[in-house]
Amino acid sequence: MTCASCVRRVERALTKVPGVSSATVNLATERATVTFDPATVLEVELEATVRTAVEKAGYKVGARQISASAPAVAMNGQSDDMLAEAVDPVDERERERDREIADLKHKSLVSLAIGIVMMVLMYVPLPISMVNLAPFLLIAATVVQFWAGRVFYRATWAAARHGGTNMNTLVAVGTSVAYGYSAFVTLWPAVAADWGFAFHLYYESAVIIIALILMGRWLEASAKRRTGAAIKALMGLQAKTARVIRNGIEQDIPVEAVAVNDLVRVRPGEKVPVDGVITEGHSALDESMLTGESLPVDKTVNDPVIGATLNRT
């Protein structure tokens, strides 16, 4: 997915699935969260139906990840030019993102370099005529148009097959017109003159547009990569287990199994496993991971506490 129209397209496709009450798509994480009624549709059937709906909208579905709440299914939405299945979903997705970032960087920098050279050649007075220079510009522009710009054509075709358009359509059409006109007057100047077409070249416009959009996507993907790494590092601070008291028995359970109204005991030196409210005792909590404040904060009965903070006393 590359823009807000992709998000709306996937959300509309998901909400039309029978049994789905709501669907939200996150563009940054490329993940869709689908809420459904288990009484009306089975989860296995819904998964197959949702996958079909997303593919009909022009996208593919990655490995499924079930959220902690039963009536919600979280799925990774990926555009047509991305891999859908992997043995290890998390690691494979990271590797795929790294390859995408490296590819965007390479193509954007090469395209930008070619575009800058073209602008210099076309706007700086040179002893060679533009008619003789045009074939060389055509070769360079062709490389950028159909190598670096291939991603726009693939995404445009994927959307067109399902009767839609998106930002890629605008880029593909705009650059193709500039490139096509320039190629026509370069290859058939006599025919172009007979038809009244001026010998104007727009190779640098198409190349620069492709270069700048790819560079924007490269910077965006890099920022998303760093943000995801920071969020993962923050999530890594959370305790993996919680010591709960149920029916008078103290037991250690995974954090994901903690339920509302559970009593959780946090001993000195341990991390608070989940958000909650103190019902008994008092302590000083280190909340520097949230606030940056190095001094512990005193907490007592009825005070709220935040998961991953450290119980100091």
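Let's start with a sheet. Three strands form an open sheet in the order S10-S9-S12, with antiparallel pairing. Its edge strands are S10 (297-299) and S12 (310-311), and each pairs on one side only. Strands here are DSSP runs of E, at least two residues long; helices are runs of H or I, at least four residues long; both are numbered from the N terminus. Two strands count as paired if DSSP finds at least two bridges between them.

A word on the source. This is a predicted model, where local features need pLDDT of at least 70 and side-chain atom pairs count only at pLDDT 80 or more, while totals for chains, interfaces and linings use all residues. Residues are numbered from 1 along each chain as its sequence is written, and side-chain values use heavy atoms, with hydrogens and water left out.

Back to the sheet. S9 covers residues 283-286, and two bridges join S9 to S12 in antiparallel fashion. Leu-285 has Val-297 as its bridge partner in S10.

What covers S9, on one face or on both? Both faces are covered. Ser-283 and Leu-285 are buried on one side, Ala-284 and Asp-286 on the other. Buried means under 20% relative accessible area, exposed means over 50%, and partly exposed is in between, using a 1.4 Å probe and protein chains only.

Next, the domains. The assignment, automatic or from a database, gives domain 1 (4-57), domain 2 (89-234) and domain 3 (241-311). The centres of domain 1 and domain 3 are 35 Å apart, taken over C-alpha atoms.

Now Leu-201. This residue sits in the loop between helix H7 (189-194) and helix H8 (203-235). Leu-201 is buried, because its relative accessible area is 7%. Which residues does Leu-201 touch? Leaving out residues up to four places away in sequence, they are Met-122, Met-130, Ala-134, Leu-137, Ser-182, Val-185 and Thr-186. Contact means heavy atoms within 4.5 Å. Take Ala-134: 67 residues from Leu-201 along the chain, with 7.9 Å between the C-alpha atoms.

Last, the surface. Ile-116, Val-120, Val-124, Leu-126 and Ile-128 make a nonpolar patch of about 390 Å². Patch residues have over 30% relative accessible area and no salt bridge; nonpolar side chains (Val, Leu, Ile, Met, Phe, Trp, Tyr) are joined within 5 Å, like charges within 9 Å. A salt bridge is a side-chain nitrogen of Lys or Arg within 4 Å of a carboxyl oxygen of Asp or Glu. Areas come from the Shrake-Rupley method with a 1.4 Å probe; for residues, only the protein chains shown count as cover. Ile-116 lies in helix H3 (residues 89-123). Ile-116 is partly exposed, at 45% relative accessible area.
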